[in-house]
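Hi everyone, thanks for making time.

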Amino acid sequence: MGISKRIALAATAALALTIGMAQAQEKTIKIATEGAYPPYNSLTSDGKLVGFDVDIANALCEEMKVKCEIVAQEWDGMIPALQAGKFDAIIAQMSITPERKEKIDFSKKYINTPAVIAVAKDSDIKGVTKEDLAGKKIGVQGSTIHYNYAEKVFTDSEIKSYPTAEEYKLDMANGRLDAVGDDAVTMGNWLETPDGACCKIVGTVPNMPEIHGDGAGVGVRKGETALADQFTAAIAAIRANGKYKEINDKYFKFDVYGD
């Protein structure tokens with residue numbers, strides 16, 4: 001083989017390697033969030049995804065030095081859509097529970113907030129025990145830890161499942177429910193709006209690790225532990241460099257990372 005031909009082949013190989021590396025660096029990680037769970041994630045009137053989860057997702061991608069695309073996905077189909085390859089990760093307040101860990105893998109938590117019960121301001125409900133809520137109609141978003149808790153604990157109550165949190169809030173505001181259960185932050189955020197002026201938080205429910213899990217993490221497909229570990233490292237990094245606090249303080253008055 002002539003020298004000129006060898007040089008040409010070497011140049012071609014080098015170019016192919018460079019292109020391959022560039023393509024690998026440009027690979028987009030598609031991240032899903034719900035878009036119906038403010039202040040964590042919601043859609044603006046022009047269809048833009050905003051909220052704490054969205055800002056955290058962008059910060060993690062920047063820390064990981066990868067290009068990310070954030071898409072909206074209905075909550076009920078979140079895990080099946082991930083398993084089907086429609087996106088690569090979930091950042092949507094998905095709690096790390098034993099049941100979900102059988103289906104997908106998770107990073108370490110990026111947030112951990114308690115669950116609460118809210119009732120009408122003039123309600124005679126005084127607490128959050130099974131006895132306090134006996135005979136009452138309780139609204140919760142389906143396929144959530146709050147629904148699972150209500151089904152397990154409030155066995156003397158009527159549990160009504162809703163596709164989104166916005167729908168149970170509407171029924172509660174209109175007097176069609178006696179109580180609702182959800183995350184303390186999203187509930188508190190709602191109560192500060194005119195639509196939530198109907199109601200008050202009556203108490204925090206006891207934590208049940210087998211139901212409430214270990215906080216919310218980034219969900220990935222089963223076996224993709226390298227990607228989960230990347231997100232875990234990025235979460236630790238933005239906690240350390242102040243970016244997490246900057247995002248946290250934009251939305252909340254306390255550290256939602258939790259203990």
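Lys-245 counts as exposed, because its relative accessibility is 55%; the cut-offs here are under 20% relative accessible area for buried, over 50% for exposed and partly exposed in between, with a 1.4 Å probe and protein chains only. Its partner in a salt bridge is Asp-249, and the closest N and O atoms are 2.5 Å apart. By salt bridge I mean a side-chain nitrogen of Lys or Arg within 4 Å of a carboxyl oxygen of Asp or Glu. Asp-249 is partly exposed, at a relative accessible area of 42%. Both residues sit in helix α10, four residues apart, or about one turn of the helix.

Before I go on, two notes on the source. This is a predicted model, where local features need pLDDT of at least 70 and side-chain atom pairs count only at pLDDT 80 or more, while totals for chains, interfaces and linings use all residues. Residues are numbered from 1 along each chain as its sequence is written, and side-chain values use heavy atoms, with hydrogens and water left out.

How many salt bridges does a search of the whole structure find? Twelve. One of them joins the side chains of Lys-250 and Asp-55, at 2.9 Å from N to O. That pair links distant parts of the chain, with Lys-250 in helix α10 and Asp-55 in helix α2, 195 residues apart. Lys-250 is exposed, at 57% relative accessibility.

Now compare Asp-88 and Arg-221, whose side chains meet at 3.1 Å, N to O. Asp-88 counts as buried at 16% relative accessibility, and Arg-221 counts as buried at 18%.

On to helix α9, residues 225-241. Which residues of α9 are buried? They are Leu-227, Ala-228, Phe-231, Ala-234, Ile-235 and Ile-238. These cover an arc of only 120° around the axis, which puts them on the same side of α9; the arc is taken from the directions from the helix axis to the C-beta atoms. The face turned away from that buried side carries the exposed residues Ala-226, Asp-229 and Ala-240. Just after the helix, Gly-242 takes a positive phi of about 95°.

The largest nonpolar core has 42 residues, and Phe-52, Leu-60, Tyr-110 and Phe-231 have the most contacts inside it. A nonpolar core is a set of buried Ala, Val, Leu, Ile, Met, Phe, Trp, Tyr and Cys residues joined through side-chain atoms within 4.5 Å. Helix α2 (residues 52-64) gives the largest share of this core, seven residues. Leaving aside residues up to four places away in sequence, Leu-60 touches Ile-91, Val-218, Phe-231, Ala-234, Ile-235 and Ile-238, where contact means heavy atoms within 4.5 Å. Apart from this core lies another, of 18 residues, including Ile-138, Val-140, Ala-179 and Met-208.

Notes
Helices (H or I, at least four residues) and strands (E, at least two) are DSSP runs, numbered from the N terminus.
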